[in-house]
Amino acid sequence: MSEQNQQPEVAAEEQQEAVLQIQRIYVKDVSFEAPNLPHIFHQEWKPKLGFDLSTEAVQVGEDLYEITLNINVETTMEDSGDVAFICEVKQAGVFTISGLEDVQMAHCLTSQCPNMLFPYARELISNLVNRGTFPALNLSPVNFDALFIDYMNKQQAAAEAEENQETQH
């Protein structure tokens, strides 16, 4: 009976507990340009918004990862094509992450961590645009889980296409 009691304890010790902790969140880089001020305000405000988003993950220590969320927003006037403003933000954080398998780790680095960083970046962009005295810009939430699933599906399709190509040769 004592052997039965010890086995679950050993199994629990062998299983590594998943850990995701924020160590620090910070602005790594920020830029705001409004090259056509003040004459841009003499036009009817019909903006066309360009939005670019990317993430970077770098291991900086044992179980420590720096995740950087890169957001570029460029707003041009629909009629004239003049640039109203360009806002570039690199919002970053250091996270302790351990106890995850490969796919879980990829999901954490490219979805869960950026999801935690995005509200900070969105607030910073909103504040910068406001200080430029432009109308409020509130970026919509981003579904990082859907982006991750889309990426995984594309990777799987590419691997299947490569496998099919090899079997045909």
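Here is a walk through the model, one selection at a time.

**Before you click**

This is a predicted model, where local features need pLDDT of at least 70 and side-chain atom pairs count only at pLDDT 80 or more, while totals for chains, interfaces and linings use all residues. Residues are numbered from 1 along each chain as its sequence is written, and side-chain values use heavy atoms, with hydrogens and water left out. The helix and strand names follow DSSP runs numbered from the N terminus: helices are H or I runs of at least four residues, and strands are E runs of at least two.

**Stop 1: two helices**

Select residues 102-131 for helix α2 and residues 144-168 for helix α3. How do they sit relative to each other? Their axes come within 9 Å and cross at roughly 150°. (Axes are lines fitted to C-alpha atoms, for helices over the stretch in contact, and angles run from 0 to 180 degrees between N-to-C directions.) That angle makes α2 roughly antiparallel to α3. The label goes to angles over 145 degrees; under 35 counts as roughly parallel, 65 to 115 as roughly perpendicular, and the rest as oblique.

Now show the side chains where the two helices meet. On the α2 side, pick Val 103, Ala 106, His 107, Thr 110, Ser 111, Pro 114, Asn 115 and Phe 118; on the α3 side, pick Phe 144, Asp 145, Phe 148 and Met 152. Contact here means heavy atoms within 4.5 Å. Sorted by type, the residues of this contact are seven nonpolar, four polar and one charged. For that sorting, Ala, Val, Leu, Ile, Met, Phe, Trp, Tyr, Cys and Pro count as nonpolar, Asp, Glu, Lys and Arg as charged, and the others, Gly among them, as polar.

**Stop 2: the loop between the helices**

Next, pick Pro 141, in the loop between α2 and α3. Is Pro 141 buried or exposed? Pro 141 counts as exposed because its relative accessibility is 68%. (Buried means under 20% relative accessible area, exposed over 50%, and partly exposed in between, with a 1.4 Å probe and protein chains only.) Leaving aside neighbours within four places in sequence, Pro 141 is in contact with Phe 118 and Arg 122.

**Stop 3: the core**

Hide the surface and look for the largest nonpolar core, which has 28 residues. Such a core is a set of buried Ala, Val, Leu, Ile, Met, Phe, Trp, Tyr and Cys residues joined through side-chain atoms within 4.5 Å. Which members touch the most others? They are Ile 71, Val 73, Phe 85, Ile 97 and Ile 125. β3 (64-77), β4 and α2 each supply at least two residues, and α2 gives the most, with ten.

Zoom in on Ile 71. Beyond four places in sequence, its contacts include Phe 51, Leu 53, Val 89, Phe 118 and Ile 125.

**Stop 4: along the strands**

Move to Asn 70, in strand β3. Asn 70 counts as buried, at 10% relative accessibility. Its C-alpha atom is 5.7 Å from that of Leu 53, 17 residues away along the chain.

Jump to Ser 98 in strand β4 (residues 83-98). Ser 98 is buried as well, at 8% relative accessibility. Not counting residues up to four places away, Ser 98 touches Gln 16, Glu 17, Ala 18, Val 19 and Asp 63.

Asp 63 has a positive phi of about 65° although it is not a glycine, and Asp 63 is partly exposed, at 28% relative accessible area.

**Last stop: a cis bond**

Finish at Pro 38, in the loop between β1 (19-33) and β2 (47-61). What joins Leu 37 and Pro 38? A cis peptide bond does, with omega about 0°. Pro 38 is exposed, with a relative accessible area of 59%.
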